[in-house]
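Please look at the chain below, first as a whole and then at single residues.

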Amino acid sequence: MQTGLRLGLQGFGELGRWNHWLPAAQQSQRAGPALHWVPEGQRSLSLNLAYLWGRTYGQRGDMFSAQLLLDF
């Protein structure tokens, strides 16, 4: 994994049960920009940050997501 900072996109969506989708007004979709950072000299450590906006089960659903990853 290369070190440095990368910009990307992240998104999530829930349609309902696989055999019975929810009506469109009740489904959830969120998307937004994401940052992925691997510190110099730390190829087994990385940080993902994202701010997502959209709808969650029919209501506004903004969300901040953070993940600290350690590969072993």
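Two residues are said to be in contact when they have heavy atoms within 4.5 Å of each other. By that definition, residues 24 or more positions apart account for 45% of the contacts in the chain with a separation of 6 or more. The model is a predicted one, in which local features need pLDDT of at least 70 and side-chain atom pairs count only at pLDDT 80 or more, whereas totals for chains, interfaces and linings use all residues. Residues are numbered from 1 along each chain as its sequence is written, and side-chain values use heavy atoms, with hydrogens and water left out.

The chain has seven strands and zero helices, where strands (E, at least two residues) and helices (H or I, at least four residues) are DSSP runs numbered from the N terminus. The radius of gyration of the chain is 16 Å, well over the 11 Å that the globule rule gives for 72 residues, so the chain is more spread out than a compact globule; this radius is taken over C-alpha atoms, and the rule is 2.2 Å times the number of residues to the power 0.38. Along the principal axes, the C-alpha atoms fill a box of roughly 50 × 25 × 15 Å.

Of the 72 residues, 18% count as buried, a class that means under 20% relative accessible area, with exposed meaning over 50% and partly exposed lying in between (1.4 Å probe, protein chains only). S28, placed in strand β4 (residues 28-38), counts as buried because its relative accessibility is 0%. Leaving aside neighbours within four places in sequence, S28 is in contact with F12, G13, E14, R55, T56 and Y57.

One of these contact partners, E14, also takes part in a salt bridge, its side chain meeting that of R30 at 3.4 Å, N to O. This pair links distant parts of the chain, with E14 in strand β1 (residues 4-14) and R30 in strand β4, 16 residues apart. A salt bridge here is a side-chain nitrogen of Lys or Arg within 4 Å of a carboxyl oxygen of Asp or Glu. At 26% relative accessibility E14 counts as partly exposed, while R30, at 9%, counts as buried.

The structure holds two salt bridges, and R60 and D62 form one of them, their side chains meeting at 2.8 Å, N to O. Here R60 is exposed, with a relative accessible area of 69%, and D62 counts as partly exposed at 31% relative accessibility.
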